[in-house]
Amino acid sequence: MEKEVFDNENWGMKILRAVGRFFERLGIRIAKFAIMLFFPLHIYRAFKTNKKAAFRGLLSSIIPGLGQLRNKQWYKAIPFFAVFLIIIIIELTTGSYQYALSGELAQYPAGADGRLFFFRDYGGYITRGIWGLMSLGEVTLLDNAAGGYRGEQVLKIDRILTWRSMDNSQTLLGLGVIAFTITVMYITIYIANIKDAYRSYITIEANEGVVEEPKVFVKRIWDDFFAYIIIIPSFILILFFTFIPFLFSFLVAFTNWTSKIQIGLRTINWTGLDTFKLVFQNTEFLGFFGTVFLWTVFYAFMASVTVYILGLIQALIIESRFVKFKRLWRIILIIPWAVPGLISLMLFRQVFYENGGLMNTILANAGMTETVKEFLRNIGLLGQTTEGVIIWLNDPLNANLTRAIIIIVNLWLGFPYFMMLITGVLGTIPKSLYEAADIDGASGNQKFRFITLPWVLRATAPIIITTFTFNFNNFGAIYFLTGGGPGYPPDEIPTSVAVLGAAPGKTDILISWIYKLSFVGGTKNYNLAAVYSILIFVLISLTAIYTLSKQKSFWEED
Amino acid sequence: MDNKRLYKTKDGAKMLGVCKGFSEYSGLPAFMFRGAFIILGIFTFVLGIILGQNVSQLIMYLIMFSGLFVYVIIGLLLPPKFYKYKRLKDFDDLGEYLAYRLRRFSFKTLIFSLLSYAWLLMWVVIVLTPLLWMVSAAFTDTTLLSAVPIYPDFSQWSLANYFGQDETNLGLFVYKSSSDAVLPEYLDAFFVTLKIAVLNTILIVIFSSLVGFAFSRYRFKGKKKVLLTLMALQMFPSFMGMLALVMFFRQFGLTNNWVALTMIYVAGSIPYNTFIVRGFMRNIPKSLDEAASIDGATNLQIMWRVIIPLAVPIMGFIAVTAFMGPWLDYILPSVIMPQEQTVAVWLFRYMDPLGATYSPVKFMAGALFLAVPIMMVQVYMQRFVVYGLTAGAEKG
């Protein structure tokens, strides 16, 4: 554990500085990239330093692999050319350029409105994808009233003239993101190809014309780039199953996509920061966001702290000299951790179910329903006006009670984890510390305060932070227990929110609200959900940057 | 003096150390005695249930747990291997011994012990009550939650929720219709999930060990950037990408494809596992690699022959978590595999108060069937997991 975890410098300043440093680096990176793309200085410089080498680079920039071939490195030329060829083949086979060439353009010229989207109509995966990403679709069934597109009626599906079918913005956006990613990847390979032709020539020149043998080359690549080779499969997987979907969702935040937009009748459009403006300038949305955000932070904080404290208490008690059969107690108290979380949460939904749930049955059997009700009312958790059983989870007037239950259930679920963790940490405290304390005549209390507690806190501090971020996004704890309910009564929801059907429940945290926005209910506000996701991402990554900036071991090179 | 005496021991004990003590006395392996006690426990438990129809509740419980009682009584009666206090025979007379014990006795200790036990007992009750209620519901023949006894009532023991055949309450393991189903729906869902879990485990172990190895052993250009990207990916709310995934899966006809679903799990867990494996492998001394390298081992050989065998504990942790994951995931399979349901999706149907299949008791029966094996694996792997947790925690 690093010492830095506990130094007293202002936390806020540290975060700000870390963020500042991050953006500074980002800015420099972007500027460098822009210079590389648009400023031909380095090309000029390359020609100045070594004309022949630069010529090889130029050859490779015309046809990938040509420069390498000229360098007599056919084993490099083949892969570079193959990648280039694959991209071209994909583009040609998925496109329908042959129809454009065979006179379809003349047969169906641009319509009266002058609209003709060449890449939409004839492009392949890549060009059409990028067209789609930029425009998000142009042609809809509504165009039929004004004469259709290129003089033909727009259809739902058309197998003869593909361009006659309507645009589906979702698909266009999705395929566009994939096409964009592939393009970026190819451009990287293309630049590497040019650089390689240039640099290889310089190397060959330095070696007085001796070209590396293919076998030597393969062995060198295998040895030097072994790290890259073994991480590439994982990264391809991450690229397609994590990164591209995230990119898609990120982009959705800048569109007007809600489920009100019917595919084929209207298209989704880029709306820039409009959704962000709705979220941050509309006071009614801001109000809901504030409530949900405060509850999320409160929940995440309470859930982490209560669980930690109880885990600590249990570990200390079981490990103390007053308790025998330590292993037995530990195994019993670990059970909540061993039961799958999904199952325990759904079980607790039953436990707190008002009709026939375990809690109300116990209270009724003990004849304590009224006493408990009175007690809860006095401490301000209960507000229900109905007589009879306590409605734990489903009464808007009992929202505070429901919130308390969420934290208590989380405590039940979570304390064993910390009990185990802290028990493990307690075992690592050197006995010599206690012996030294004994010699100095320290009391048991002092030993706890000055040896045990600091040691445990130091060892577990990073985990408290990760637990906090985990709870911040702990979708299951809310969704499976309360489903975000109880909901707000209709008259408490302002119109601008009600129109979009975007109101959260009273116990929704940000993440479960996002889920509701994009998957539940009549209107699905994908754009709103995306904006809130970006917000969560920013908040969480700030915490992470802060944590990491303290953890030296993360950055240590070895 | 014959030093071969029967005792209980703390080293290698699982509970009270009785079986280990027997094993040290007899020379037979401890698992045989453990197995014998477990069989005895199960036997008396079943016996109690069978006899329970004819005798009173109290006697039934006594019979049911008599195996456990026998174990605990032996555990209490057996002398320990090493004595904490001096014993009577070490003293000249009884008075001296009593004085010795009295000096050792402290009122404070007694009070603290009692308080500690009271506190722990309270938590045992809090922890076990909801779970026993679940067991109770699983074995009660009813559709009403309110008819479920709080603690299992074995005189009303019933397997109707699992094998019941009557019209209103079809059991989980019973065919809905005899048409074309190969397995009852619940078992079908169970095996779908099993397939996913096995593939998930294999792939995650392979990918994480490769990536973790690369990040712990090599310096390469862009390493920090990649690590930061992985960190950021971990931060992004996971089902934010779900919208896109659902769309892509429809686009490419992958809906209801279990391999594709597994790929999402694998891709999603690589970032987190990378940090754990990297943290562990960094503690394996580099001198091992260098020695192997001098002996002419290639990169691949160093990885497979030297490092990965040493990283087996952390791989075990990752394998267990990877195997557990799919059983408990609801949201992703519910949108991506609406037809071929996994267990969690299938169970959740019983939990939807608005759905036609709402039946909380049935849910608890199914959940119990699912939870028991998982719980046993988890408790068994407990140390391993704690080890993984602390290893990951200390090295970030």
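Buried area is the accessible area, taken with a 1.4 Å probe, that two parts lose on being put together, summed over both. The views below show a predicted model.

**View 1. The interface of chain B and chain A.** Chain B and chain A bury about 9700 Å² between them. Of this area, 79% lies on carbon and sulfur atoms. The contact is made by 106 residues from chain B and 99 residues from chain A. On the side of chain B that touches chain A, helix H6 (residues 107-138) of chain B gives the largest share, with 18 residues. By class, this side of chain B has 79 nonpolar residues, 15 polar residues and twelve charged residues.

**View 2. Phe248(A) and the largest nonpolar core.** The largest nonpolar core has 213 residues, and Phe248(A) and Tyr532(A) touch the most other members. Helix H18 (residues 399-427) of chain A contributes 16 residues to this core, the most of any element. Beyond its neighbours within four places in sequence, Phe248(A) is in contact with residues of chain A, including Gln170(A), Leu173(A), Gly174(A), Val177(A) and Trp257(A). Phe248(A) is also in contact with Leu243(B), Ala244(B), Met247(B) and Phe248(B). Another core, of eleven residues, lies apart from the largest one. Among its members are Ala100(A), Tyr108(A), Tyr149(A) and Val154(A).

**View 3. Helix H15 of chain A.** Helix H15 (residues 341-351) of chain A has eleven residues, and ten of them are buried, so the helix is largely enclosed by the rest of the structure. The buried residues of H15(A) include Leu342(A), Ile343(A), Leu345(A), Met346(A), Leu347(A), Phe348(A) and Val351(A). Ser344(A), Arg349(A) and Gln350(A) are buried in H15(A) too.

View 4. Ala189(B) belongs to helix H8 (residues 185-217) of chain B. With a relative accessible area of 3%, Ala189(B) is buried, because buried means under 20%. Ala189(B) and Gln341(B) are 152 residues apart along the chain, yet their C-alpha atoms are separated by 5.6 Å. Leaving aside neighbours within four places in sequence, Ala189(B) is in contact with Gln341(B), Thr342(B), Val343(B) and Trp346(B).

**View 5. Arg150(A) in a loop of chain A.** Arg150(A) is part of the loop between helix H8 (125-135) and helix H9 (169-206) of chain A. Its relative accessibility is 2%, so Arg150(A) counts as buried. Arg150(A) is not a glycine, but has a positive phi of about 55°. The side chains of Arg150(A) and Tyr122(A) are joined by a polar contact of 3.1 Å. Neighbours within four places in sequence aside, the residues in contact with Arg150(A) include Glu104(A), Leu105(A), Tyr108(A), Arg115(A), Asp121(A), Tyr122(A) and Trp163(A).

**View 6. Lys72(A) in a loop of chain A.** Lys72(A) sits in the loop between helix H4 (66-70) and helix H5 (74-94) of chain A. Phi of Lys72(A) is near 65°, a positive value in a residue other than glycine. At 62% relative accessibility, Lys72(A) counts as exposed, whereas Arg150(A) counts as buried.

Definitions and conventions:
Residues numbered from 1 in each chain as written. Chains lettered and ligands numbered in written order. Predicted model: local features only at pLDDT ≥ 70, side-chain atom pairs only at ≥ 80, totals over all residues. Heavy atoms only, no water. Contact = heavy atoms within 4.5 Å. Helix = DSSP H or I, 4+ residues; strand = E, 2+ residues; numbered from the N terminus. Nonpolar A, V, L, I, M, F, W, Y, C, P; charged D, E, K, R; others polar. Core = buried A, V, L, I, M, F, W, Y, C linked by side-chain atoms within 4.5 Å. Buried < 20%, exposed > 50% of the residue type's maximum accessible area, 1.4 Å probe, protein only. Polar contact = N/O pair within 3.5 Å; in protein donor to acceptor, adjacent residues only side chain to side chain.
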